Amino acid sequence: MTDARLVFDASMFRGLMRELARRGAGRRESGAFLLTDRDHPADRLPQPVTAIAYYDDLDPGCLTGAITFRADGYTALAARCRREGLRVVGDIHTHPSERVAQSRTDAANPMVALDGHVALIAPRYASGVTDAGALGVHVRESGGWFSSFGPQSAALVRIRTHRLPRLRWARLLTRRLAAGWKRLWRNS
């Protein structure tokens, strides 16, 4: 498996890591569902993450040290997805140490047990995580899990940075504005 599965805008990824770290407060696991627009074809990869639903917003009592997400949380998630035209493409939760492999509990009790689902694990309660290479990426396939780490994780989960294109007309406009400012400066 080498094709990217998920893509995040860089600012969304940074915000997700900061928020997971804040919610975990350095002493407990936290997590979130990763959502995309319902209209994006499920078989078209990568799936863009367009929204995030934090576990404890859906089920306020779920962060117990580990994560004990209840049926009411899934009901709230389904309602949000219907209301906003979204669907779940993955989830993420944190671990306390550097270890981002799935625990037996993680593998046996996934947040979503459908093939194609992407489960991410962030180390150190997400504190200081700045790139996808730090994550464990676990993809559900044929009822089991395909796991990736390090550079393979970064290949499966892409972080997109936006750069403004250097268009010819933009360069021309910049030069003309600069020339206009110079003229105004000289005449004042």
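Predicted model: local features only at pLDDT ≥ 70, side-chain atom pairs only at ≥ 80, totals over all residues.
Residues are numbered from 1 along each chain as its sequence is written, and side-chain values use heavy atoms, with hydrogens and water left out.

1. **Overall make-up.** The protein chain has 6 helices and 9 strands. Helices (H or I, at least four residues) and strands (E, at least two) are DSSP runs, numbered from the N terminus. Of the 188 residues, 41% count as buried; buried means under 20% relative accessible area, exposed over 50%, and partly exposed in between (1.4 Å probe, protein chains only). Taking contacts between residues at least 6 apart in sequence, 66% join residues at least 24 apart, where contact means heavy atoms within 4.5 Å.

2. **The sheet of 6 strands.** Follow the order β4-β2-β5-β6-β7-β8 and you have an open sheet with mixed pairing; two strands pair if DSSP finds at least two bridges between them. At the edges are β4 (51–54) and β8 (144–148), each pairing on one side only. From one strand to the next, the twist averages 25°. Axes are lines fitted to C-alpha atoms, for helices over the stretch in contact, and angles run from 0 to 180 degrees between N-to-C directions.

3. **Pairing of β2 with β5.** Strands β2 (residues 31–37) and β5 (residues 86–94) run antiparallel and are joined by 7 bridges. Here Leu35 has Val88 of β5 as its bridge partner. Helix α3 (residues 71–84) packs on this sheet, where it touches β2, β4 and β5, and its direction makes about 135° with that of β5.

4. **Strand β6.** What makes this strand worth a look? Because 5 of the 5 residues of β6 are buried, the strand is largely enclosed by the rest of the structure. Val118, Leu120 and Ala122 point one way, Ala119 and Ile121 the other way, and all are buried. With β5, β6 runs parallel over 5 bridges, and Asp91 stands opposite Ala119. With β7 (residues 136–141), β6 runs antiparallel over 4 bridges, and Val118 has Val139 as its bridge partner.

5. **Helix α1.** This helix has 15 residues and reaches 21 Å from its first C-alpha to its last, close to the 21 Å expected at 1.5 Å a residue; the expected span is 1.5 Å times one less than the number of residues. Helix α1 (residues 10–24) lies across β2, β4, β5 and β6 (118–122), running at about 5° to β4. Its buried residues include Phe13, Leu16, Met17 and Leu20. An α-helix has 3.6 residues a turn, so residues three or four places apart point the same way. Just after α1, Ala25 takes a positive phi of about 55°.

6. **The sheet of 3 strands.** A second open sheet has the order β3-β1-β9, with parallel pairing. Strands β3 and β9 (157–160) stand at its edges with a single partner strand each, so one side of each is left without a neighbour in the sheet. Strand β1 (residues 6–9) pairs with β9 over 4 bridges in the parallel sense, with Asp9 opposite Arg160. Helix α1 packs on this sheet too, touching β1 and β9, and its direction makes about 90° with that of β1.

7. Thr36, in strand β2, counts as buried because its relative accessibility is 0%. Leaving aside neighbours within four places in sequence, the contacts of Thr36 include Gln47, Pro48, Leu86 and Val89. Ala42 lies in the loop between β2 and β3 (47–48) and is exposed, with a relative accessible area of 58%. Not counting residues up to four places away in sequence, Ala42 touches Gln47 and Arg87. Ala42 and Gly116 are 74 residues apart in sequence and 9.0 Å apart in space, C-alpha to C-alpha.

8. **Cysteines.** The structure holds 0 disulfides, a disulfide being a pair of cysteine sulfur atoms within 2.5 Å. Cys62 is buried at a relative accessible area of 0%, and Cys81 counts as buried at 9% relative accessibility.
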